[in-house]
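Hi everyone, thanks for coming. I'd like to walk you through one model today, so please have a look at it with me.

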Amino acid sequence: MWRRLFFIALLGAAGTSQAEVGGDAENGQTLFRQCSGCHEVGQGARDRIGPHLNNIFDRPAGAADGYRYSAGLQRAADGGLVWNYDTLDDFIENPRRLVSNTRMSFHGFEAQQERDDLLAYLRQFSASPGNIPEAAPTAAAVDHAVAPEVLAIIGDPAYGEYLSGECTSCHQASGATDGIPSITNWPADDFVVVMHAYKEGVRAHPVMQMMAGRLSNEEIAALAAYFESIE
Amino acid sequence: MTFNRRIFLGSAAVTAGLLAAPMVRAQGKPRVVVVGGGAGGATAARYIAKDSQGAIDVTLVEPTRTYYTCFFSNLYLGGFRDMQSLGHSYGTLAAEYGINVVHDWAVGVDRDAKTVTLAGGSSLPYDRLILSPGIDFVDGAVEGWDLSSQNAMPHAYKGGSQTELLKAQIMAMPQGGTYAMVAPPNPYRCPPGPYERISMVAHTLKEVNPTAKILIADPKEKFSKQGLFEEGWNDHYAGMIERIGPDFGGADVVVDPAAMTLSIDGDVNNVDVCNVIPAMKAGRIAEIAGITEGNWAPVNAVDMSSKMDENIHVLGDAAAQGDMPKSGFSANSQAKVCANAVRGALTGSTVFPARFANTCWSLIDTEDGVKVGATYEATEEKIAKVDGFVSQTGESDELRAATYQESIGWYDGIVADMFG
């Protein structure tokens with residue numbers, strides 16, 4: 001805690017360069033690959049499975065325009081949670097300890113140094129709105145190429161709801177996540193891409209490869225439409 | 001479309017004047033009675049109520065007020081879960097989904113009148129009856145054992161008090177004593193279950209009674225995830241576990257609950273705990289309804305309807321359906337196919353093609369989880385396997401730990417899917 005206060009004091013007193021927050025932004029960029037399945041940061045970053053992270057420092061929680069937050073995060077936001085070095089550090093150490101019922105399916109970074117590095121990296125995108133580095137946004141959730149005509153299929157949410165019974169034996173519709181990630185309210189495109197990655201064996205998980213393996217393109221689109229829409 | 005509590009409460013308010021007379025309120029609505037509130041029955045009741053949004057009157061008959069899942073009960077024996085974490089109430093199904101939850105035993109089915117009789121004396125009319133009664137034991141399956149011996153020699157194969165009894169007996173074993181298991185013949189509930197149990201008992205004994213022995217009499221040549229379990233037993237519990245298969249008389253077993261002996265092929269063993277898991281059959285109400293053939297109730301794969309009566313559906317362990325293992329996951333999967341078909345038949349809603357899946361996780365030791373799973377489809381003849389996988393021997397510690405974490409997530413997922 002004292003260490004944290006010390007950093008904050010430094011931040012306040014001496015500006016925002018990465019050396020002063022004690023992390024290595026370059027390593028943070030590498031670590032961010034664990035986040036970029038869901039989050040974008042950088043110029044033109046958009047909300048994906050998770051909200052974009054530009055200007056995250058000093059932003060009130062739950063404030064990314066247009067992003068549908070989990071009830072848990074909304075509750076924390078209503079309670080006045082503001083993202084700063086301290087709260088972000090707590091959150092990425094163990095997301096669910098700070099915000100119970102967050103849909104963020106991430107085990108957290110245990111090592112203080114890793115958290116420092118990651119936050120040093122993210123800090124670069126928050127220093128001031130005009131100061132976001134001129135780099136392309138980080139790689140989107142797309143870890144696999146899906147043909148445009150497959151992405152363009154409009155899914156039938158009613159069929160998706162029926163098919164979702166195969167998902168909710170494990171994935172909770174409420175978005176709760178404990179050992180099994182949330183798939184609730186994912187953007188349909190991300191859902192489709194991920195399911196095709198499993199179907200084609202690009203993503204390694206035997207249960208998901210098996211479940212996705214027999215879904216047709218239309219069925220994947222139907223599931224994507226349903227999970228995007230549920231309240 | 002998801003079930004919206006406000007819509008339900010709203011329609012209830014409209015008929016508020018009739019609330020005192022539930023039979024009148026129910027008139028005109030199709031009625032579904034579900035017997036058994038486990039992975040099959042609770043899921044079916046919840047999905048029919050949720051998806052029909054009040055258009056179908058759903059009654060769930062289940063004797064216990066708190067349902068203790070049989071899945072994960074081995075983790076209680078291993079000290080990884082407490083009993084409370086395995087108990088679930090039906091309150092949400094009643095309050096949020098409008099299901100009429102009746103805590104009673106179903107003791108009779110009149111298939112002509114389409115009514116179910118309860119032990120308490122009342123009678124429930126149905127348009128469709130869903131039986132998901134789980135298992136009962138075959139009389140005389142293990143010589144010397146019957147239900148009156150289940151305190152001396154627990155089966156612990158239905159969740160709850162039997163599981164607690166078995167744990168107490170394990171903890172009370174003398175140092176260097178013997179825990180014996182009489183394993184069941186196929187088919188039975190939860191194929192890896194007895195062997196996960198052996199693993200969990202060994203884990204507990206290694207901590208509190210490291211010189212204790214475990215003896216298994218097994219009528220089966222081979223068993224589910226055998227390579228994985230045997231690798232794990234060798235790695236974690238070397239020298240503790242002895243399994244006697246049918247080649248050496250594992251099928252020729254006599255127990256004496258008074259003397260606490262287990263005889264295998266005529267060899268008498270004095271044992272301190274004797275966990276007898278007899279051969280199984282469909283829960284008794286299936287037999288009473290007259291829809292069984294042999295020990296199980298044959299069903300049509302497409303909608304889980306009984307082959308003997310189109311107005312009765314059978315889910316989970318009690319059903320003879322084909323290739324799916326008898327597991328909570330299977331029952332939950334079958335329930336959703338059945339719910340969709342029943343709703344379609346009663347309200348004209350769209351019936352989508354049947355599809356089934358199963359995955360069974362087992363814990364061998366701390367953070368050492370394994371799994372097996374498959375997908376299935378409905379054919380004319382049966383539920384037929386499409387594709388499957390099983391954990392490999394020699395997997396990394398990280399993968400095994402992740403598999404265990406995943407199993408915890410699955411538990412939370414399936415109970416949310418069952419009980420809301």
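Let me start with a question: among the contacts in chain B with a separation of 6 or more, what percentage comes from residues 24 or more positions apart? It's 69%. Do keep in mind as we go that this is a predicted model.

Staying with chain B, we have 11 helices and 25 strands. Its radius of gyration is 22 Å, close to the 22 Å that the globule rule gives for 420 residues, so chain B is as compact as a globular protein of that length. The C-alpha trace spans about 70 × 45 × 40 Å along the principal axes of chain B, and 49% of the 420 residues in this chain count as buried.

Now let's zoom in on one sheet. In chain B, 3 strands make an open, antiparallel sheet, ordered β23-β24-β25. The edges are β23 (355-365) and β25 (383-390) of chain B; each has a single partner strand, so one side of each has no neighbour in the sheet. On average, neighbouring strands here are turned by 20° against each other, direction ignored.

Between β23(B) and the antiparallel β24(B), residues 368-378, there are 10 bridges. For instance, Phe356(B) has Tyr376(B) in β24(B) as its bridge partner. And across β23 and β24 of chain B lies helix α8 (residues 226-236) of chain B, at about 15° to β23(B).

Finally, a word on chain A, which is divided into domain 1 (2-131) and domain 2 (148-229). Their contact takes 7 residues from domain 1 of chain A and 10 residues from domain 2 of chain A. On the domain 1 side, those residues are 1 nonpolar, 3 polar and 3 charged. Thanks, and I'm happy to chat!

Notes. Residues numbered from 1 in each chain as written. Chains lettered and ligands numbered in written order. Predicted model: local features only at pLDDT ≥ 70, side-chain atom pairs only at ≥ 80, totals over all residues. Pairing = 2+ DSSP bridges. Helix = DSSP H or I, 4+ residues; strand = E, 2+ residues; numbered from the N terminus. Axes fitted to C-alpha atoms, helices over the stretch in contact; angles between N-to-C directions. Contact = placed C-beta atoms within 7 Å. Domains from an automatic or database assignment. Nonpolar A, V, L, I, M, F, W, Y, C, P; charged D, E, K, R; others polar. Rg over C-alpha atoms; globule rule 2.2 N^0.38 Å. Buried ≥ 20, exposed ≤ 12 C-beta atoms within 10 Å, placed from the backbone.
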